[in-house]
Number of protein chains: 2
Amino acid sequence: MRVGVFGGGQLGRMMALAGYPFNLRFSFYDALPDCPSAPLGDLYGDESGSPESLDAFLASADVFTYEFENISTAWVERIARHKPVYPGVRSLAVSQNRLNEKALFDRLSIPAAPWRRIDSLEALQQAVAELGMPLVIKTVTGGYDGKGQFVIRSTDDIARAWTDLGAACPLLAEAFVRFQRELSIVAVRGQDGEIRCYPPAWNVHHQGILSHSVVPAPDISEASARQADAYIRAILEDLQHVGVMTLEMFDTGSGLVANETAPRVHNSGHWSIEGAICSQFENHIRAVAGLPLGSTDPLRPSAMINIIGRHPETAAILAIPETHLHLYGKTERPGRKLGHITVTAPTHIQLMDRIKVIAAVLPNRMAL
Amino acid sequence: MRVGVFGGGQLGRMMALAGYPFNLRFSFYDALPDCPSAPLGDLYGDESGSPESLDAFLASADVFTYEFENISTAWVERIARHKPVYPGVRSLAVSQNRLNEKALFDRLSIPAAPWRRIDSLEALQQAVAELGMPLVIKTVTGGYDGKGQFVIRSTDDIARAWTDLGAACPLLAEAFVRFQRELSIVAVRGQDGEIRCYPPAWNVHHQGILSHSVVPAPDISEASARQADAYIRAILEDLQHVGVMTLEMFDTGSGLVANETAPRVHNSGHWSIEGAICSQFENHIRAVAGLPLGSTDPLRPSAMINIIGRHPETAAILAIPETHLHLYGKTERPGRKLGHITVTAPTHIQLMDRIKVIAAVLPNRMAL
């Protein structure tokens, strides 16, 4: 069986590394000849995204998936007319459009920040009046790692927000959620409907980019862990999603509030390569290939630390006990995700000590 | 850094899968265009083994290793004149020649079966008189999985053994060791001399081919575990070996007797991909690349089960809890190693139960 992956970034690379042991072969659609996945399969795609390049890609595999959600739904629909694509267009339509996502949370009674659809400056002014400030304004499509957002903190900001984002209407206005920390839950659903959830991760961001995750999230209450599990199960079932899905949440101290979904393996799930019995990448590939899912149980407390902008010295990282390095084959550039580090330990306390040692040898400590 | 691997079989394939996360790239020397490693790097080599193909391979990488020991030492020496090769020629000279290996065991006071070098029929007759029967006759070079051996059980067999193997003189005659079970220990030595040992494995063979391994070897005494550790450390230090090395041993019930070494990652160490903190493949690559070694501690009881001759149904295997499948991209052929299964469990008892479930769905149960 051949698996075609839209996108040749680090997520595709790690999917392929997880899939070779099943005798799967991989092809990738990516315009960059030196993309992270390039050494691990056949590469298709050109800068113009020509229909011919898509047809060649379509012919190259038996089943398809994607590693980033900002892919044209028209393309996925075109592939889906000929061959299976997992996750399906329904999952993509939700994660590509924040209004659809908000409607989904409401429909499934999953707590989320109160929101309004914004089509005009007047609607924006009314949203400020109704939802209060700070008010977060987001583009409905696109935007990631903090881009495409504006936080209205005073009435003076309303006009500025409109100038900044008004052209991208409709917009989403979201009430500001006061939270103690950010959590995420990664889960996988098989073609037979079976669902397995990894333990929730505690995620720490730095300037809008994920800095590090600790799993299981320290001191998470049983009630919160059960909530997270129930929310992502409801979403997976509603969308009839096949593959890995991630739900980012705010931990308010008195419950969880859903933030956003990603219909794919997720940065906050990278710890699972070493920290869980079966990794998110292996489980995604199992689901896409129609195979039974593996255990999402954690083996021991784990942390994932992103390598952003500059590479650390490999030897300095690997000298730290129970530390694993995952580089993505990228050149250095400020703000770029170049790789990640996984560190495990017998206890959370020892884990925190090891994280400190890692922080000391990282050129970019992010939020560590 | 680019790593060149002599041989493009499953061991090279699993080395590459372990090495990509360090941003390493791989090239392989193998005459077969569809060898297991082919999709994971650049392939060199031709059927005649021409000097030109070796030169091209030499130019393709910065550091070299090998995945099978029956490689020409002249070739390795030729590479070593230009670029680093790990393990070195000294390790290769021992494992390629059973007389050298026996002399090494004697020199390091590692218990092994009494032996004689055989250069003539008379020497063979004298060895039978001195060492008794059964007497195992082996070619000094080549031979694996039970090939190139003859067991003399009566004086009538002496002439037959000579007819069979005499042309391959010198031969090795080895006293028969009565043992309860076979064990192996896999260890790794870094370029800085650091040594780390995996726990000993219990290996069960079927018709001369490894059927399965259980790690840690059940009910192994502390004394035996310490012996195994001391023996392989002595060998690694004596040879100034860099990379993974394996020592196969007989457990006599009253101590261990060394059988043979392999200067490489080993079938009985495949469990470590999921069962140890750092796998034998990652540790071998760390050593070859001059990086600090990873922990060889086991995470939980593990078993490795070989898939020989015929593939099982992938879904049937993966439906079993904590089971992982590693296929080598090979076509079916009787006696051929097509892949292996790793299964882990919280306890040895649960592990044995899972092994039984796996046995029930394997087309070739081997010794299970």
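**A chat about the model**

Colleague: Let's start with A:Arg153: where does it lie?

Modeller: Happy to! A:Arg153 sits in the loop that joins strand 7 (149-152) to helix 7 (156-165) of chain A. Keep in mind that this is a predicted model.

Colleague: Does A:Arg153 count as buried or exposed, and why?

Modeller: It counts as exposed, because A:Arg153 has 11 C-beta neighbours inside 10 Å, and the cut-off for exposed is 12 or fewer.

Colleague: Which residues is A:Arg153 in contact with, leaving aside neighbours within four places in sequence?

Modeller: Those are A:Met133 and A:Pro134. In that part of the sequence there is also A:Gly132, 21 residues away from A:Arg153. The C-alpha atoms of A:Gly132 and A:Arg153 are 9.2 Å apart.

Colleague: Thanks. Switching to helix 8 of chain B, what span should its 18 residues have?

Modeller: Helix 8 of chain B covers residues 222-239, and at 1.5 Å a residue it should span 26 Å. Its end C-alpha atoms are 26 Å apart, so the two agree.

Colleague: And which residues of helix 8 of chain B are buried?

Modeller: They are B:Ser224, B:Gln227, B:Ala228, B:Tyr231, B:Ile232, B:Ile235, B:Leu236 and B:Leu239. Looking down the axis of helix 8, these buried residues fall within an arc of 160°, so they line one face of the helix.

Colleague: What do the buried residues of helix 8 of chain B pack against?

Modeller: Both helices and strands of chain B. The helices are helix 4 (89-95) and helix 5 (98-107). The strands are strand 9 (181-189), strand 10 (195-197), strand 13 (243-251) and strand 14 (256-262).

Colleague: Which exposed residues are on the face turned away from the buried side?

Modeller: On helix 8 of chain B, that face carries B:Glu222, B:Ala223 and B:Arg226. Just after the helix, B:Gln240 takes a positive phi of about 50°.

Colleague: How many residues of chain B are in contact with chain A?

Modeller: 24 residues of chain B are in contact with 24 residues of chain A. On the chain B side, helix 11 (314-318) and strand 16 (323-327) each supply at least two residues. By class, that side has 15 nonpolar, six polar and three charged residues.

Colleague: And through which surface do the copies meet?

Modeller: The same one, because 100% of the interface residues of chain B are also interface residues in chain A.

Key
Residues numbered from 1 in each chain as written. Chains lettered and ligands numbered in written order. Predicted model: local features only at pLDDT ≥ 70, side-chain atom pairs only at ≥ 80, totals over all residues. Helix = DSSP H or I, 4+ residues; strand = E, 2+ residues; numbered from the N terminus. Expected span 1.5 Å × (residues − 1). Buried ≥ 20, exposed ≤ 12 C-beta atoms within 10 Å, placed from the backbone. Arc of directions from axis to C-beta. Contact = placed C-beta atoms within 7 Å. Nonpolar A, V, L, I, M, F, W, Y, C, P; charged D, E, K, R; others polar.
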